[in-house]
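Q: I am new to this structure. Can you show me how to read a few of its features?

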Amino acid sequence: MSFSEHFQSSLDRPSPLLRRFTSLLEPADNARLESMARESQKLTRHHFGKTMRLFAPLYVSNECVNNCSYCGFSRDNPILRTTLTIPQVVAEAQHLHSLGFRNILLVAGEHPKFVSEGYLQNCIDAIKGFIPTIAIEVGPMKDHQYGELVSHGAEGLIVYQETYHRETYVKLHTAGPKKNFDWRLDCPERAYAGGFRRIGIGALFGLADWKKEAIALAAHLEYLYKHCWKASFNIAFPRMRPYAGNYQYTPDPNFFLNDRQFVQLVCAFRTCFPQVGIVLSTREPAKLRDSLIPLGITHMSAGSQTDPGGYTGAGTDDLHLTVKGKRVELDDSQPKSACSRATEQFTIDDQRSPAQIAELLRGKGYDPVWKDWDLEILSSNH
């Protein structure tokens, strides 16, 4: 039985762990929240020490065949698009390497023509010699396709359900393969079957009721721990940020996860899932990121760019539009001067450099971890 078959029953008949998690989301006064924070900090220190793993996203393409009304890459958004060549991917990765990163997340929209069979494998082959930890965040695939990526050197997969509320999901995903709720929901299990050792899941908070999203995410995580126990897991709960298609989607203020609730959510997950990695991206403001460092966060991005070629300017010589999934060249009526780079997926908030983040961590007594994995580990005789 896959999680999609188990999903509704896990919510209708919650386990003791899920009932405990739900209780931790109830409104908390200052004293209770401080108690939760102390427990979260204690558990994090016990399982992870005073370390923080740093990573950077590397966007290789913003082409997409899906229509998702909340996403800047949505198919019908008239944005400037590009797909990096392999040498351009290498240039971006070398730049990130020069900043200290040894952990990179390759990100691409879902488009089988532009992000074609073999493209991601070629990207991985080109950078794995100097980037030991490579994860991917792309459209869902089949088991054997994941297995091939693992054989080329990818070791992590990130796939966010976006929203676990089925009716909202159907409403927001109007075209493309992403319309299939269950296919996406079972993606982590297929990735596990393909051999990924590290799997990240999450929801985009702001699309539906945040408590229901959190409970569903916890149910998913509990299931994966039971059925995919050889992998390690990370979770994230990114909040909606401004993006190129905001005119298509207006967030409901009733769904907003405020900073206090965000802190409570981190503490609840840490308390119920002591060994899960918790990821905090640059889409969150610097002040909140700083305050969350000791409370349960284990992975942080830094200096992020969410457009292909955003670090070095690579790919700007091939900017174009796509109409109905087909490439359309720019003409004189579509000047590039106002926006001479590919459109970003969303705007980030914390603009500090990787060096500034590393300095901040050291100032708080934490070790910034740039590298935590190497394939040599698997070939070791020890």
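A: Start with a single residue. This is a predicted model. Thr282 has a relative accessibility of 3%, so Thr282 counts as buried. The cut-off for that label is under 20% relative accessible area.

Q: Where does Thr282 sit?

A: Thr282 lies in the loop between β9 (277–280) and α12 (286–292).

Q: Now a strand residue. Is Ile104 buried or exposed?

A: The place of Ile104 is in strand β3 (residues 103–108). Its relative accessible area is 0%, so Ile104 is buried.

Q: What is in contact with Ile104, leaving aside neighbours within four places in sequence?

A: Ala56, Leu58, Ala93 and Leu96 are in contact with Ile104.

Q: How many residues apart in sequence are Ile104 and Ile127, and what is the distance in space?

A: Ile104 and Ile127 are 23 residues apart in sequence. From C-alpha to C-alpha, Ile104 and Ile127 are 9.8 Å apart.

Q: Let us turn to a helix. Which residues of helix α1 are buried?

A: Helix α1 covers residues 3–12, and its buried residues are Phe3, Ser4, Phe7 and Ser10. Look down the axis of α1: these buried residues fall within an arc of 105 degrees, so they line one face of the helix.

Q: Which exposed residues are on the face of α1 turned away from its buried side?

A: That face of α1 carries the exposed residues Glu5 and Asp12.

Q: What do the buried residues of α1 pack against?

A: They pack against α2 (16–23), α8 (181–185), α9 (187–194) and α10.

Q: Next, a helix pair. At what angle do the axes of α10 and α11 cross?

A: Helix α10 spans residues 210–227 and helix α11 spans residues 259–272. Their axes come within 12 Å and cross at roughly 20 degrees. Angles under 35 degrees count as roughly parallel. The helices α10 and α11 are therefore roughly parallel to each other.

Q: Is the crossing of α10 and α11 left-handed or right-handed?

A: The crossing of α10 and α11 is right-handed.

Q: Which residues make the contact?

A: From α10 come Trp210, Ala214, Leu217, Ala218 and Leu221. From α11 come Gln261, Leu265 and Phe269. By class, the contact of α10 with α11 has seven nonpolar residues, one polar residue and no charged residues.

Technical notes
Residues numbered from 1 in each chain as written. Predicted model: local features only at pLDDT ≥ 70, side-chain atom pairs only at ≥ 80, totals over all residues. Heavy atoms only, no water. Axes fitted to C-alpha atoms, helices over the stretch in contact; angles between N-to-C directions. Helix = DSSP H or I, 4+ residues; strand = E, 2+ residues; numbered from the N terminus. Parallel < 35°, antiparallel > 145°, perpendicular 65-115°, else oblique. Left-handed = near helix turned anticlockwise from the far one by under 90°. Contact = heavy atoms within 4.5 Å. Nonpolar A, V, L, I, M, F, W, Y, C, P; charged D, E, K, R; others polar. Buried < 20%, exposed > 50% of the residue type's maximum accessible area, 1.4 Å probe, protein only. Arc of directions from axis to C-beta.
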